[in-house]
Amino acid sequence: MAVATPDSPAGQIAQALVDFSVEGAFPEESVSSLTVDSDALPAAIEALASAKAKLQAEIHTINEETADDVRTWKTNAQSVQEDILRSKALANDILKQSEAPQASGKAIEEAEARAAFLARELDYNTQLRNALKGIKAVNQILDQVEQARDERRILDALHLLERSWKELDAVPVNKSCRAIKLLDIRAFELKSDVHQVFDHVWNTLIHVDIEGHKVSISDTKQGEAMSLSDAVIGLKAYHEVDQRAAQLWHDMDKAILAPRLDIKQERLPSIKINENTLELGGTSDQSIEAVFRDLEQVFAFLVEKLPPDLIDTISTVLLPGLIPTITRTWLDLAVPSSLEEMDRFQATVTTTKGFCTTLKALGLTHLNELQEWTESAPRVWLSKRREAALDQIRTQLSQGLGTSKQVERVEKQLVSKSEGQQLAANGAMVTEDDGGWDAWGSDGEQDTGGQQTSRPAAKTLVVEPSADAIDDAADAWGWGEEEPEPEKSEEPQQKKQTQEEEDDPTEAWGWGDEAQNDDTAPEPAPTAPPAASKPQTRELTFKETYSISSLPQPVLDLISSLVEDGAALTQGTYANSPVAAAAAGLFSLPTLALAMFRAVAPHYYAPDVGGNMFLYNDATYLSERLAEFAEEWVKRDNISTRAQTMLRLDNDIKSMQSFANRAYSNEMSIQKTVLRDLLGGEQNLIQQDDTESCVSAAVARVRSLAIAWESILSRSAWQQAVGSLADAVANKIIGDVMDLPGIGQDEAYNIANHIASVTALDDLFLPSRFATDSNSAAENEVPTTAQYAGSWLRLKYLSEVLQSNLKDVRYLWLESELSLYFSADEVVDLVNLSFEDNPRTREVIGEIRARPNPLG
């Protein structure tokens, strides 16, 4: 007969029998499926005999190891028995002596002492006997635990273990006794062994195959003495109900729920139930109704198959993690961003309520979040609209400015005849409906003769937050011109204001822009001069074009969509809609959308050339269109009265106008700071070694900005912006010249050349530059720079003074217009800087001081 090897079938069968007999282990499927024939029996018998011999050897070894303890216990027992016999003999002697009347008192005392000793010994022996009986009883109980473990009677084993610990606590021996320690260690080892068997039984009854996406739950299994209800009792004994339930639901989520609820998958599996098995199979549509159907099957299956203690953990462990997944992915995605799919949304709300009702009927709780979602449908829908609106603003801005386009601003104003003729001379645009400027006729009436009053639409006026800029704007529009003035006249007060602006260090950084911008745009003032007789006036339509980016229109479309949906919800058509209560909230979303635009737009506009000016134009355009929209809204007859009153854009329009002014002011502050740095910063420009290059760089900067802004800003805004930059350059040069300790003849010549380089910017303000007729350029046309740069004529007169002798300076002061731009003290300072102190100089200074206002 061939010897069976471990890898042969006979050897595998023999080893399986040994493992089952010794350890209670079931064979693997590959072994249990082998055919048992007569050839395998000898090998199995031999293996069992070998295992038996090995166990006997181990028992013999254990007996040898514990022989000392056994012998000690035997010796102690014999000693106790001998002590008992001696005690009986002593008791008999005492009885005999007590019967003898001749016993002395001393003998009685000795007898009493011996009796007390024997009583104590008897008590000790009794306690020892009880302790040994208790130890024996505990050891027998532990033997029963081993037997129950081997027979997979887990509950019996647990009950016996609990009984053994109670018996062990009742043994009247100190816990440090070696026997007690050994019994305690054995009890804990048995508990661990029973727990391992329990794990095997639990995994047999409830099996989760994560990779196979399958869950099987059985109340009983063939070959297992424990049911699922008994297993829960075992969990309670080990205090593992919550731990096992949490692990079960975690595994079930990975195996079944997570793949079914993964909305990112193109194809979603469906859930199938086959008797005791729950598994994924087939495909399902991505509707929320299908999700709820599958989940209802899952929970019904669990409630049917699981004991009550585990069902309770569904509500406390599984649902708190599952419901947020349902609401934040499936339900939130089902919320429409408009009214077009409102019927579908209403059906979703109804389905969700039905799902909650089904779970309640199954006895599940902790459904508050899902119920709140169904009850707060208006708030949920409004939140979705708000998120979509704000995200649309962010997305649109992140795509860049896009392709710019020109828009036209049209405004009607009443102007006098003289103003109309002056506007015609400046090339202002009017519509053909006005009959042109010739419609005024020619009756020989003189015009105002004041500063040129280029008057585009009032809303195109752009100013900076400073007093001199407001005065410049007023001059540019010709407001308040009551008396004729020479073309190049300007109030001295304006000069002082300009100097104050230059000296204000906060303006360069744009501090206070937000607070000041509300005062930067003056309201249009009446243009007709007050007189005893009312002058002839006429209503004219003014037009100006400017460029905007592609961003305002999507913002306007979004706001229109929001308020149109809000108006629709106030109609009877949506009276029963679950989101009808969100109408008021929709009318508040334009404010949030515009606030988002104002908050994010500077970041996306700034990188582009002329971005801040585009931002100014876009914000202005938005405010104008919103004002028109609000005006037309209240006139509509196809919306409810409630909808008409719910639209409130006045504050948003004001905020957008203020935002536009801030964008313009910030850009101008930045560019003025750059120009000031190019001109030496805080140092005196004239005392620099590279004064000429500094001046050239500043002039080139102004020209480059003028070119960049020309295609963006309207004509009036462009003139004021570029004029303000030219004015900043002029103020810097004038201030540095006035701060010089002295001016030599060569230095005066160089300064005059620098001023000439700066005043070459006049070619930016020639009327022919803006004329629509290409043949309208005049040979000796006069630039309009002084209208937009308050210190421009002051700079030119400074150049004249630096190139003049004392006689010319006297003429400029007494007979020309120098006194309109410089005070007497300033001219005296210039004379002292440029000329030596001699009688002639003192004479001219005296004449200047004698007549501080020669033209007044």
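## A tour from hairpin to pocket

Start by selecting strand β3 (residues 268-274) together with β4: the two run antiparallel and are joined by 6 bridges. You are viewing a predicted model.

Stay on this pair. β3 and β4 make a hairpin, with 2 residues between them. Click E275 in the turn; its phi is positive, about 55 degrees. Now pick I273. Its bridge partner in β4 is L278.

Next, the largest pocket. Its volume is about 960 Å³. Select I62, T66, N139, L182 and R186: of the 25 lining residues, these are the closest to the pocket's centre. Then colour the helices around the pocket. α3 (40-65), α4 (67-99), α5 (105-150) and α7 (178-205) each supply at least two lining residues. The largest share comes from α7, with 9 residues. Colour the lining by class to see 12 nonpolar, 3 polar and 10 charged residues.

Last stop: helix α22, residues 611-633. Draw a distance from its first C-alpha to its last. The 23 residues reach 32 Å, close to the 33 Å expected at 1.5 Å a residue. Then show the surroundings of α22. The helix is mostly covered, with 18 of its 23 residues buried.

Terms used
Residues numbered from 1 in each chain as written. Predicted model: local features only at pLDDT ≥ 70, side-chain atom pairs only at ≥ 80, totals over all residues. Heavy atoms only, no water. Helix = DSSP H or I, 4+ residues; strand = E, 2+ residues; numbered from the N terminus. Expected span 1.5 Å × (residues − 1). Buried < 20%, exposed > 50% of the residue type's maximum accessible area, 1.4 Å probe, protein only. 1 Å grid on protein atoms, 1.4 Å probe; cavity = no way out; pocket = protein on both sides within 12 Å on 5 of 7 lines; lining within 4 Å. Points joined across faces, edges and corners; volume = space filled by probe spheres on them. Nonpolar A, V, L, I, M, F, W, Y, C, P; charged D, E, K, R; others polar. Pairing = 2+ DSSP bridges.
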